[in-house]
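Have the viewer ready and follow along.

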Amino acid sequence: MGNLRGLSVFIVLTLAVFTSARPKSGPNQKCKSGPVDLVFLIDSSRSVRPHEFETMRKFLIDILNTLDIGLDTTRVGVVQYSSQVRSEFSLKTHSKLENMVKAINEIVPLAQGTMTGLAIRYLMNEAFSPGQGDRPKVPNVAVIVTDGRPQDRVAEVAAEARERGIEIYAVGVARADMTSLRAMASPPFEDHVFLVERFDLIYQFGLQFQDKLCGIDLCLESDHGCEHLCESSPGSFTCHCLPGYRLNADGKTCSAIDLCAERKHDCQQICISSPGSFTCDCNQGYHLNDDKKTCSPIDLCAEGKHDCQQVCVYMGPGVFTCDCNEGYRLNVDEKTCAPIDLCAEGKHDCEQVCVSSGPGIFTCDCNEGYRLNVDEKTCSPIDLCAEEKHDCQQVCVYSGPGVFTCDCNKGYRLNGDKKTCTPIDLCAEGKHDCDHVCVNMGPGIFTCDCKKGYRLNEDEKSCSAIDLCAEGKHDCEQICISTPGVFTCDCNKGFKLNRDKRTCTNMDMCNTVKHGCDYQCVNTPGSYHCICPEGQLLQDDGKTCGTCKSANIDLVLLIDGSKSVRPQNFELVKKFVNQVVDSLDVSAHGTRVGLVQYSSRVRTEFPLNMYHTAEDIKAAVMKVDYMEKGTMTGLALKHMLEYSFSEAEGARPASRNIPRIGLVFTDGRSQDDISEYAKKAKEAGITMYAVGVGKAVEDELREIASDPVEKHFYYTTDFSAINTIADNLKLNVCPAESQGEVEVKDPCACENLVEFQQATMNSLDQFTQKLASMAARLEQLENQLLSRK
C-alpha cells in the first residue's frame, strides 16, 4: 500500500509540472518573464551599410517595446563593436523604456573591423559585472547580431562565457558565417542560432526571441536545482521527490529511505535495501528458505550442482574444488582436465622426435635420413653416397642425412633424368664469344678463328679486317681502296686511272668540261677556277665578272601585328614584305631574310637561316597568322638585337663585314620605350629602316632610322600605298655605297691570289715532271745493273 501511495503522489506532481506553463502575453501586454539581465551586442563594422544599421536600430527598439523594463524586472544594456568595443549604456543606466529608445537612436556606428571575440570578452568581464548592474541569481542573456566572419577567435571565449552562465543567442545577417554563429551560441543550436538573408528580415528573430523570453518556465528554462521533480508557480518553483525518497533539508536534493540501514527488517543473514523497501538474501554457500527470511547450507557436490569435468571435492557450505584422474591435469579454468602430453611439454629425452602414446606416455623416433640407435633415444645420419646406395653416372654429392644429388665432371652437363651426363659442345650451342669462327676442342672447350681476309686479335676472340691500304702493302699511285685482305686503286678528282690500274694521269678540266668562266679558266690539280680582268670582281656564281657585286646582306623585318592594323591591312603588310623580298638577291651565300611579328609580345616567324630562296620566304610570309593585341615596339627591337642577329639564328659572323639591316614596319605609337634599343641597334652596326603608316608617330620612326634619316625613313597615310614604299626601298647596294662594310679588298685577294695560285701550281707541275724523269732514269739504271749480273 505504501508503494502504491508513493506512485500516485509522483503522477500528481508530474502532471502538475507539465500543466503549469503560463499563457503568452498578448499584443498590447508587456512580457512578464521574471527578472532578466539582457545585453545586446551589435556589429557596427564597415560592412554594415547605413540603411542596414537603421534597420538594426529599429529591431532593438521593437524588442524593447515588448519587455517589462525596470530595475526590478528586465534590465537592458547595449554594446556595439567593430575593431574596438564601446558600451552605449549598461544594465543599470536606464530604468525607463523612453530613455533606452533615445539612447539607441543616438548610437553612431564605429564602422571598422569585426573583432567579435574581443566583444564577447568585454561582455563577460564588463557588461555582466556587478559594477555595470548585473544582479546575482538573475539569468544573464546576451543577443549577438553580426553580418560577417569574425577577424579574431571566438570559440574559446564564447565557451568561457557560456560556462559562466551567460545564455547566448547568435543572430547572423546576409554575409554571416554559420560556423562562427554556432561557435558563439548556447546549445541547443536550433533554439539559439538564427540566420536571415538581409537586415529587413531580422524582425523574424525578434518574434521568435519574444516567444522564448516571455514564455520562460523556471522549471523548464532555469537551473532550478531540483534533483527529482520541479513544480512551477508564477515567478517561482518548488522541489519534490519520487516515491521511496524524502526531501533533504536543502529543499532540492532527495535521499532514498533505507529500511535496512534503519534496521527496520527481519532477515536472518542479508538485508538488501531499495528506496522505502527491502528483500532478504543469504551468504555465499547458503540458500534462502521458503519463509524468504532464514538460510540453510548448500552441498554442491552432493547435489550435482558443479561444473567439474572429472572429480568434485566438497570444501564446505556452497564451496567445492575440482580435480582430475591420473594422467590428466586441471586446466587454468580449474574445472576441465587436459591429458598430459610429455612430448609437447618437452618432458622427454628423445634426441629428435618424441611420439605421444597416451596421457603421460611417449616413444622416440628419428627424422627422415636418420636411423634410431639401439638405445632407442639417439639417432645417426644415413650417408647414401658413402654407402654407394645411389644411381649417379659420374658424381654423387652428399646433401644431408639420407639425401644426395647427382653432378657431372667438368665439360659435361646433367641430363633431365638428374642422373646421367652428356658432353657440352659450346660451339654447337652458340655459347661462345668468338667474333667469326668457333672451333670445338672437346667437352666444354673451344678456340676462336677468323674468316679469310681477317686476323685474330690479341683477345683471341674478335677479328679485324686486314687493311692492306692502311698497312702500306699496295702500289697505288694516288688512292687505295681497301676490302678485307684485298685492295683496288683509284685517282683523285681531275685525274684518270691508267691501264696498269695503278698509276694516274692529270686531266685538263678547262678543256674537257663546260667551265662557263666569263673571262678565263685556270686549271688546278683535279679542278679549275675562274678569274676576272683587273678592275672587275668575280660574282657570287663564281663565273661571271662585274664592276659592282649585288650586296649580300642579313635582313630582319619587324612587322607590327597589333590590333589596330586589322586583318585586311595585315594581308597588305605581308604583300609589302614579299615586294621587298622580290628586290633582293636571296641565297644561302647571298642575302638572308628573317621575319619577326610583334604586338604585346614578340614572335620569330622564321630566322635568317631557315629559307634560302625568295619563293620559300614568300610562301612562309603568306602563312603568318595575325597576332592582334598591343604595340610593344621597344620589346621587338630588344628581341631583334639579342636573338634575330645572333649566329644561332643564321646571322653571319661580324668578321665577314656582311651588312646587317633591320626594317621596322608599324601603324601606331609604341606602348613601351624605344629609345634604349633603337640606339643600341645602331651602335651594334645594324642599319635601321623605319616604315610607318596611318597613326605611326614620325618622331619615333626618325629615332629608329639610321643616318641619314631621309634615306632610311618612309611614311604613308594609307595601307594601300605601302607598295609604293616597297618599290622605292633600295636595300641592295654596291660595297662602295654601303659604308665600305661589305667586302674590303686586300693584296691577297682576287687577281693577286689567282696569280699566286697559278704560279705555285706551275712550279709544282715542273717539280712533279722532274721527279718522274728521275724515277724513270733510276729504273733504267737498275735494269742495266740487273742485266750485267
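## Two lysines with positive phi

Lys629 is found in the loop between α12 (614–622) and α13 (633–644). Helices here are DSSP runs of H or I with at least four residues, strands are runs of E with at least two, and both are numbered from the N terminus. Phi of Lys629 is near 70 degrees, a positive value in a residue that is not glycine. Its relative accessible area is 62%, so Lys629 is exposed; the term exposed means over 50%, buried means under 20%, and partly exposed lies in between, using a 1.4 Å probe and protein chains only.

Lys418 also deserves a look: its phi is positive, about 60 degrees, although Lys418 is not a glycine. You will find Lys418 in the loop between β25 (412–414) and β26 (421–423), and it counts as exposed at 55% relative accessibility.

A word on the model itself: it is predicted, so local features need pLDDT of at least 70 and side-chain atom pairs count only at pLDDT 80 or more, while totals for chains, interfaces and linings use all residues. Residues are numbered from 1 along each chain as its sequence is written, and side-chain values use heavy atoms, with hydrogens and water left out.

## Cis peptide bonds

Pro187 and Pro188 are joined by a cis peptide bond with omega about 0 degrees. Pro188 sits in the loop between α6 (178–184) and α7 (189–192).

Another cis bond runs from Asp707 to Pro708, where omega is near -10 degrees. Pro708 belongs to the loop between α15 (698–704) and α16 (709–712).

## Salt bridges

How many salt bridges does the structure hold? There are 34, counting a side-chain nitrogen of Lys or Arg within 4 Å of a carboxyl oxygen of Asp or Glu. One of them links Asp349 and Lys377, whose closest N and O atoms are 2.7 Å apart. Asp349 lies in the loop between β18 (337–339) and β19 (353–358), and Lys377 in the loop between β21 (370–372) and β22 (379–381), so this pair ties together parts that are 28 residues apart in sequence. Asp349 is partly exposed at 42% relative accessible area, and Lys377 is partly exposed at 36%.

Lys389 pairs with Glu387, with the closest N and O atoms 3.4 Å apart. Here Lys389 is exposed at 51%, whereas Glu387 is partly exposed at 33%. Arg603 and Glu605 meet in a salt bridge of 3.0 Å, N to O; Arg603 is partly exposed at 25%, and so is Glu605 at 21%. Finally, a network of salt bridges links Arg121, Glu160 and Arg164.

## A six-stranded sheet

Six strands form an open sheet with mixed pairing, in the order β41-β40-β39-β42-β43-β44. Two strands pair if DSSP finds at least two bridges between them. At the edges stand β41 (602–606) and β44 (713–716), each with a single partner strand, so one side of each has no neighbour in the sheet. Neighbouring strands are turned by 20 degrees against each other on average, direction ignored.

Strands β42 (residues 660–666) and β43 (residues 686–693) run parallel and are joined by seven bridges. Arg660 stands opposite Ile686 in β43. Helix α11 (residues 567–582) packs on the sheet, touching β39 (554–560), β40 (592–598), β42 and β43, where contact means heavy atoms within 4.5 Å. The direction of α11 makes about 170 degrees with that of β39; axes are lines fitted to C-alpha atoms, for helices over the stretch in contact, and angles run from 0 to 180 degrees between N-to-C directions.
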